[in-house]
Amino acid sequence: MAAGDGGRTEAGEFGRLLAGYRTAAGLTQEELAAAAGVSLRALGDMERGRTRGPQRRTVRALAAALHLADDRARALDRAAQSGRPRSVRPEPAPVEDHGSALRAPAVGEGQSSLALPRDIADFTAREDVLAELVALASEDLPAHPRVVLVNGQPGLGKTAFALHAAHVLAGRFPGGQLSLNLGGMSAQPLSAHDALGQVLRALGVRDAAVPVGAEERAGLYRALVRERRLLLVLDDAADEGQVRPLLPGSGPTVTMVTSRNLLPGLESVRRLSLDVLTAAEAADMLARIAGRERIEAAPDATAELARLCGYLPLALRIAGQRLVARPQQTVAHLVRQLAAEENRLDLLQTGDLAIRPAFELSYRRLPAESRLVLRRCALTAGPDFTAAVAAAHTGLSEGRTELLLEQLADAGLVQALGADRYRLHDLVRLCAGERLTVDETAEEVAQARDRAARLLLGRTIACGLRFDPEHAEDDTGTAEAGQWLEREHPDWLAALHLAQRTGHHREVIDTAEAVHWFSDRLMSWGIWEEVFQLSVDAARALGDRQAETVHVNYLAWTYVTCLHRYRRGIELASEGLRLAQELGDREQQGWALVYLATGLRNLQRHHEALDALQRAADAFARIDNRSAAIGRLVAMRVTATCLRESDRAEEAMGTRRRVLASALELVERRPSPPMHLLAAMTAHELGLDCAALKHWSAAETAYRQALVHYEEAGRPDSMTKTLTELGTALIEQGRAAEARELLTEALSGLSEDSRTDPDTRRPLGRGPVPHR
């Protein structure tokens, strides 16, 4: 028998067994290859006896895919084992002129110092990213070497994912699977020169044959893997210069690199950015670690635990391990402990797993200016922020702050969201806040807060006045001002609270006064009670009776229109009326009476409401200014609604037509979003009056007019109810197809509303009352 024939015979036995088991299982080669995670070509070679003893993990994968009984699986493994090379030190394969100094280039199980660490049995989620990686690794003849960069912030489980993926892919890489920690976050990351030396030795190169220079080592490495199906994991890379020499020049090798940094200079790589887990994935991970029965028995507590962990895999693992170590502790108990922010980072550590050190490894490597920006980002109040808001806290220019935020995003510590917005993960925010108290004095932090508050409140006042008909000459910049007020409201509201706490009461009053016209645009926004209660308290602190009167009225408007707490609104409106009477302020008397009437009307006390509205009209009639003119129209609007609800629809319609004509005159003389909004709401209500009388054509006209003015007011999101009523009017006129199209649009609008922040949603079925 010629040398090597025995190996082929034994490989043939394995192939016959494999083909027989596959046929008995009723699987095609394609189906078995897919189920076992091996290439179709490799499976074909095995069955034809061309493969000498597949690796054990490949055999195990095949046995599992075939659902073999234990005895058959052992028989298959013995056949494969008999076909494997028995020589521990086969003749080395020549590599250029280094052949005489090389050991065996094959990397067998347990032979390499860089063998893959164990996989995590409870690894959870990442299926989509893993599928993308499997597809990439399945290419038999790639045009270019395949390099994958797995990046993301600390704690996302980049290393765990890379090693799990390497174990999944191991059967596809008979040339070996290696893992090397580059120590990117350590004080002295591994140099490319030393990393190459370790990889070359793991590949079988004798110590004497390892070149001295880094370039020569890189050249030898590229030569060794040119035709080798090797899987190399380079964990925790510091920068591009550390990685580049370890990338193959050609061939079927796959290199997986993990890094907290984006490594934006690394060319021709597949980037896989990991994110936090979904709520369902987080619950599943906790169940796998702490026990499914225990976790599923407390779904609400589990959901809150996942939220407090920020859906971050490292935090979830620590929480899960804490539960494992404390079998008597309930999930709810751990949730109560973590709910206290000041204790959360201390609790999120168990054994050698901890959140705080993971963050501080990255923090210490930042330049001083970048550390400052990261710390000051912890002072922002919203879930995300712009560079301008961050700059208000840093004291740096907006441009410089933006540049540093981008660098922090590259370092995986800040998330760049697009649209010039950035976000800190909740746990990163806590860590940055800790560093703020350690690295800066209390005086420095207070100065930063005060400076930011002044800047933010100044911008809030400027944006709010864009909606005041007395200040805004036109609607230029109104949309941008509204967007700023909406998006940045957590920060300017926090600044308002700070101003109140630090005794800057006049700034509080001025800010609330500036945004009160804007509040008409978002009447069910949850912040107005806060804003106007602060301004009432500020006015009282200053002893300013005029400001107190005005802002008590604003607060009464909030309760009757935004919160629908009519009895409390009536109490506040009565208080505002008393204050205005004491001051002899007829305009504020008129507004207090409007809000009083609105509360009474919603309690079905129409007679009392109509009396109050008449008194309001009399008060406004004695004043000649724009606010009083608007007040008269609002009083007439509420009067018309009371009439319709009292079965006096004809009177209501006549009154409403007069209000609409006057509102359109105001729009014509000085167009502004508040005037368009007044016209839109009045036209909508006229449609309701006409519908009550079954004047469907007139109702249609009114509703269409309302839609035009809602659009002009920049509130297309307020059109849903009008579209619904218009659809009803069309159906009543026998135009069902047209109505169906409109109602579909209305439902789409409702669906959009359901995906927005709950505080910005506006409930349907309530008649809004603008205030002064």
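**Exercise 1. A positive phi in a loop**

Task: find which loop of this predicted model holds His564, and state what phi His564 takes.

Solution. 
- Step 1. His564 sits in the loop between α27 (545–562) and α28 (566–583).
- Step 2. Its phi is positive, about 55°, although His564 is not a glycine.
- Step 3. Most residues other than glycine have a negative phi.

**Exercise 2. Ala125**

Task: locate Ala125, give its phi, and decide whether Ala125 is buried or exposed.

Solution. 
- Step 1. Ala125 belongs to the loop between α5 (70–83) and α6 (127–137).
- Step 2. Ala125 is not a glycine, yet its phi is positive, about 70°.
- Step 3. The relative accessible area of Ala125 is 11%. Buried means under 20%. Ala125 is therefore buried.

**Exercise 3. The buried face of α4**

Task: list the buried residues of helix α4 (residues 56–66). Then say how they are placed around the axis of α4, and what phi His67 takes.

Solution. 
- Step 1. The buried residues of α4 are Thr58, Val59, Leu62, Ala63, Ala65 and Leu66.
- Step 2. Look down the axis of α4: these buried residues fall within an arc of 165°. They therefore line one face of the helix.

**Exercise 4. α17 against α21**

Task: describe how helix α17 (residues 355–364) crosses helix α21 (residues 426–439), and sort their contact residues by class.

Solution. 
- Step 1. The two axes come within 10 Å and cross at roughly 70°.
- Step 2. Angles of 65 to 115 degrees count as roughly perpendicular. α17 and α21 are therefore roughly perpendicular to each other.
- Step 3. The crossing of α17 and α21 is right-handed.
- Step 4. From α17 come Ile355, Arg356, Phe359, Glu360 and Tyr363; they meet Leu427, Val428, Cys431, Ala432, Glu434, Arg435 and Asp439 of α21.
- Step 5. This contact of α17 with α21 has seven nonpolar, no polar and five charged residues.

**Exercise 5. α29 against α31**

Task: do the analysis for helix α29 (residues 586–602) and helix α31 (residues 626–645).

Solution. 
- Step 1. Their axes come within 10 Å and cross at roughly 20°.
- Step 2. Angles under 35 degrees count as roughly parallel. α29 and α31 are therefore roughly parallel to each other.
- Step 3. α29 passes α31 in a left-handed crossing.
- Step 4. On the α29 side the contact uses Glu587, Trp591, Val594, Thr598 and Arg601. On the α31 side stand Ser627, Ile630, Gly631, Val634, Ala635, Val638, Thr641, Cys642 and Glu645.
- Step 5. By class, the contact of α29 with α31 has seven nonpolar, four polar and three charged residues.

**Exercise 6. α34 against α35**

Task: characterise the packing of helix α34 (residues 696–712) on helix α35 (residues 720–732).

Solution. 
- Step 1. The packing angle is about 155°, and the axes are 9 Å apart.
- Step 2. That makes α34 roughly antiparallel to α35.
- Step 3. The crossing of α34 past α35 is left-handed.
- Step 4. Trp696, Glu700, Tyr703, Arg704, Ala706, Leu707 and Tyr710 of α34 meet Thr722, Leu723, Glu725, Leu726, Ala729, Leu730 and Glu732 of α35.
- Step 5. The contact of α34 with α35 divides into nine nonpolar, one polar and four charged residues.

Key. Residues are numbered from 1 along each chain as its sequence is written. This is a predicted model: local features need pLDDT of at least 70, side-chain atom pairs count only at pLDDT 80 or more; totals for chains, interfaces and linings use all residues. Side-chain values use heavy atoms; hydrogens and water are left out. Axes are lines fitted to C-alpha atoms, for helices over the stretch in contact, and angles run from 0 to 180 degrees between N-to-C directions. Helices (H or I, at least four residues) and strands (E, at least two) are DSSP runs, numbered from the N terminus. Angles under 35 degrees count as roughly parallel, over 145 as roughly antiparallel, 65 to 115 as roughly perpendicular and the rest as oblique. A crossing is left-handed if the near helix is turned anticlockwise from the far one by less than a right angle, and right-handed if clockwise. Contact means heavy atoms within 4.5 Å. Ala, Val, Leu, Ile, Met, Phe, Trp, Tyr, Cys and Pro count as nonpolar, Asp, Glu, Lys and Arg as charged, and the others, Gly among them, as polar. Buried means under 20% relative accessible area, exposed over 50%, partly exposed in between (1.4 Å probe, protein chains only). The arc is that of the directions from the helix axis to the C-beta atoms.
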